[in-house]
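Hi everyone, thanks for making time. I'd like to walk you through how two chains meet in one structure.

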2 protein chains.
Amino acid sequence: MGSAEDVVVANKKVLLKHFIPAGAPKETDMELVTTGTIRLRVPEGSTALILKNLYLSCDPYMRSRMTKHEGASYVDDFVPGEPIAGFGVGKVVDSSHPGFKIGDYAWGMTGWEEYSLITDPKLLFKIHHTEVPLSYYTGILGMPGLTAYAGFYDICSPKKGERVFISAASGAVGQLVGQFAKQLGCYVVGSAGSDEKVNLLKTKFGFDEAFNYKKEPDLTKTLKRYFPDGIDIYFENVGGSMLEAVLYNMRLKGRIAACGMISQYNLEIPEGVRNLFLIIGKRIRMEGFLVFDHYGSYLEFEEKVVQLIKEEKIKYVEDIVEGLENAPVALVGLFEGRNVGKQLVAVAHE
Amino acid sequence: MGSAEDVVVANKKVLLKHFIPAGAPKETDMELVTTGTIRLRVPEGSTALILKNLYLSCDPYMRSRMTKHEGASYVDDFVPGEPIAGFGVGKVVDSSHPGFKIGDYAWGMTGWEEYSLITDPKLLFKIHHTEVPLSYYTGILGMPGLTAYAGFYDICSPKKGERVFISAASGAVGQLVGQFAKQLGCYVVGSAGSDEKVNLLKTKFGFDEAFNYKKEPDLTKTLKRYFPDGIDIYFENVGGSMLEAVLYNMRLKGRIAACGMISQYNLEIPEGVRNLFLIIGKRIRMEGFLVFDHYGSYLEFEEKVVQLIKEEKIKYVEDIVEGLENAPVALVGLFEGRNVGKQLVAVAHE
């Protein structure tokens, strides 16, 4: 490819058709366009690269980008009419950037299309380990993995023997947080939205306990049952009424790492949390964090987790949808909790 | 007194008549009893002391003690039929405790009565400076003062030039937090519930700005006006809708020290905070704290603040009600925001 003549190829894309104000995203908010093409050469004099997208990641934070924000948001809004942007894994097919050469694999911010011209690859990381499945770099070895690692070790201040609760525990981040916590010698309980996911938590990921929150009429009592002595650490992925139930069950000096609040993203009026006064008497620290602040630890993280994968000391489950044309349904399904494990889209396998 | 024969004297008391479930406390929930007496001698073989109560403190946290708690609370419930317990300043009139001798002044946990037999003075501190008004040890030099000091310096991680917002800012804690923040070179804005209090904040305590929240129909916009670039530090004393408005206005990596949520204490159903998801994108740290964890810093604090008082580098305003019989109305008034400055009751002046 690199030595070839200019090659122009077809380039299917998935666009965001329009901003959506509130509510769950629908497939019809996105559009597959099959008529586009791309020249597989970086522009003359640029420091760009062209990525052949192999795997695209569906992540909860993407909901926020589908809404127009008046003020600043922590990520840019999507641009209607343009391909959806997101994390992905790809192969470099042309490059004039000093950090990437043709044939390299990379993960990071790319587009929902077959090939992406990336003019400013500052959110792109070279993949150092091709002996593990490349798709892992959308999850356990990518953004969600680093989120779990930084969130658990840096924000939760965990100690051996502490009692850890994780919501949305079978998701890309939750399944890893639980395993990191088990490795440290914590008691770990997770919640998820189906019996299949609960089963996965207990049998595959080694959680001590797990429950299906949809079958629990009173989450405060449910948590009391699993944590008779209370919760030291809550890894927060859902927000709303779950957070309220957790606050009733937190122990003195407990910590809450707020990673996401997926239950709230689609609501026009988010649920109110009415018992925040408990953080005073219980001296709770609740801290929000974003993986963007922790990319400096990526190399250390990658080496550590690749090693854990090779030694089979960590398990990982993916939910792979085949074909770019199925990306919209995969993203919509994420917000409905349809996925089991990390949701991603395979655009091409090589 | 110490050398005298046994002396039995009258001992007026204010009792809590009954637990109250929710809602504002009323004067009729308390009762003045004038028929009691006390023997001004500690029991034989005890390590107790008898305190002549001079000043009694009215503090927001006392509301919680008027309700029966099923599980653990961070302070014990009051005992119906017994004198209300609270912080106060007194003179030791008898003692068999090695830490206190007759004639010493002390502050700490005592009872709403003229004399208190204190059998376990572990929450009683000797007063080292009688050259400042003794009543100050219910406020600037007592529990609220240490609360402000520990909360601001330990929990807020303040830096020079940061933008600080304080709610209930004219209260015992708020007025001090604002002055500590000004001393550090911060921009400081406070909210309060009357124009008189607002005036006090600006003219007496040196706040950069202050506003009467009761006159502001949209607190989110109000805060935007005073903090066009956002808030770095919020010292939280009120909770509810104010917290919601603050979250909309917090800057990246802002800190919220949750000291109290007085707006919520009397509500049957507390207000819900609906925008907690903002703590993720903004990486906000919200931390509850209690002064009880910080008594180890008391001596250092006392010396530092006594010095500031003597050099007139810190201002302090008290709202003193005369007479134990007026203690119930003072406490009720605190929850209605009637006090201007630190609310206390003078039982005796010497």
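Before the numbers, one term: I'll call something a salt bridge when a side-chain nitrogen of Lys or Arg sits within 4 Å of a carboxyl oxygen of Asp or Glu. And keep in mind that what you're looking at is a predicted model.

With that rule, four salt bridges turn up across the interface of chain B and chain A. One of them links B:Asp293 to A:Lys253, with 3.5 Å between the closest N and O atoms. The interface also has six residue pairs in polar contact.

So which parts of chain B supply at least two residues each to the side that touches chain A? They are strand 14 (250-258), helix 7 (278-281) and strand 15 (285-288). The largest share is from strand 15 of chain B, with four residues.

Strand 15 of chain A, residues 285-288, is joined to strand 15 of chain B by three bridges, and the two strands run antiparallel.

How many residues does each chain put in? It's 28 residues from chain B and 28 residues from chain A. Between them the two chains bury about 2,400 Å², and 70% of that is on carbon and sulfur atoms.

Definitions and conventions: Residues numbered from 1 in each chain as written. Chains lettered and ligands numbered in written order. Predicted model: local features only at pLDDT ≥ 70, side-chain atom pairs only at ≥ 80, totals over all residues. Heavy atoms only, no water. Contact = heavy atoms within 4.5 Å. Buried area = accessible area lost by both parts, 1.4 Å probe. Polar contact = N/O pair within 3.5 Å; in protein donor to acceptor, adjacent residues only side chain to side chain. Pairing = 2+ DSSP bridges.
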